[in-house]
Amino acid sequence: MQWMIYGANGYTGELIARAAKQGGLSPVLAGRDAVRIEALARELDLPHRVFALDAADRVRDGLAGMALVLHCAGPFSATSAPMIEGCLAVGAHYLDITGEIAVFEHAQAQRARAEQAGIVICPGVGFDVIPTDCVALKLKELMPEATHLSLGFETASGLSPGTSKTVIEGFSTGCQVRRDGRIVDKPLAWGRRVIDFGAGPRSAMTIPWGDVSTAWYTTGIPNIDTWLPLPRAAIAMARLGNLFRPVLGNRWMQARLKGLVTRYVTGPDAGARARLTTRVWGEARNARGDRKVVRLMTANGYALTIDGALAVVMHLLSTEAAPGCYTPAGMLGADFVTRLPGSGAFSVSDR
């Protein structure tokens, strides 16, 4: 069956395209940058298509004949909705590598339409959110009565241009957590605590990570927050940044900051991706105050994204999955992440 990597000219999309070719796969490479798409397609000897996402008929024509699309063109806040509409129109499974809460929520809202169209919609098949989603499901299995779920990760990985632009968009929105089943807005660095992600205690703050959306659909646990370790001085600066959120959200300022990313951010090189690992942590608590903690070591976030995304592609191309909207762990189980290269086993404790 034919399948497509859209955004193959971007940092992560190109990495996935090269890995797919090396693995004997033949995706159609696509994007809106004709020069870069055509050059990569020639180099890898793969078919290609060039089209933008600014018109529904253009997207439908570009996706004609595709059984599946792996969408890698961010920021997904602007690109995911038109691509999902295109996949619904032509009957192609939709995957992406987003970590954006609003994108996950929009995707889940299309569940009934996906079932009717006979397709699978599964955003977040990269580092955002495979490892944390699998940890969430593992904790749910260990503590079915959990009422609170906290998730986080510690990594030295650099950021790709696309991820950097997503972070910039988040400057103006602050933090988000889930409380009593609803996503609620909070200030930047709203929550602060000390967490042992696996290498000793670290100061950490809440961040608006995708699991605030996805872990709810995976586990049904009504209270969810997500965490990142940072030095105390950096957390203090983030809290101070709440005063400047209106300025950071200004359209001109957003465009200016994203322009700097385009000029100066390249993403981690192959050596960094091979060398750097990631520690993932999760904690579930019940109404009595009992808790379970799960820790996991994985490969670098971008390496995991390559392997994870291609694993989900192969699963959907080789099985008859029931149509609907899924999270990665919801579709492939809690142990999915432990089968990816560079991942260890779950470590379970009470603290």
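## Packing of helices 7 and 9

Thr-132, Asp-133, Ala-136, Leu-137 and Lys-140 of helix 7 are in contact with Asp-211, Thr-214, Ala-215, Thr-218 and Thr-219 of helix 9, contact meaning heavy atoms within 4.5 Å. This is a predicted model, in which local features need pLDDT of at least 70 and side-chain atom pairs count only at pLDDT 80 or more, while totals for chains, interfaces and linings use all residues. Residues are numbered from 1 along each chain as its sequence is written, and side-chain values use heavy atoms, leaving out hydrogens and water.

The axes of helix 7 (residues 130-142) and helix 9 (residues 211-219) come within 9 Å and cross at roughly 40°. The crossing is right-handed, with the near helix turned clockwise from the far one by less than a right angle.

## The buried face of helix 3

Helix 3 (residues 56-63) has Val-59, Gly-62 and Leu-63 buried, that is, under 20% relative accessible area with a 1.4 Å probe, protein chains only. Seen down the helix axis, the buried residues fall within an arc of 90°, so they line one face of helix 3.

Their cover includes strand 1 (3-6), strand 3 (48-50), strand 4 (68-71) and helix 4 (76-90). After helix 3 comes Gly-65, with a positive phi near 85°.

## Cysteines

The structure holds zero disulfides, a disulfide being a pair of cysteine sulfur atoms within 2.5 Å. For Cys-72, the nearest cysteine sulfur is that of Cys-87, 12 Å away. Cys-72 is buried at 9% relative accessibility, and Cys-175 is buried at 1%.

Definitions and conventions:
Buried means under 20% relative accessible area, exposed over 50%, partly exposed in between (1.4 Å probe, protein chains only). Helices (H or I, at least four residues) and strands (E, at least two) are DSSP runs, numbered from the N terminus. The arc is that of the directions from the helix axis to the C-beta atoms. Axes are lines fitted to C-alpha atoms, for helices over the stretch in contact, and angles run from 0 to 180 degrees between N-to-C directions.
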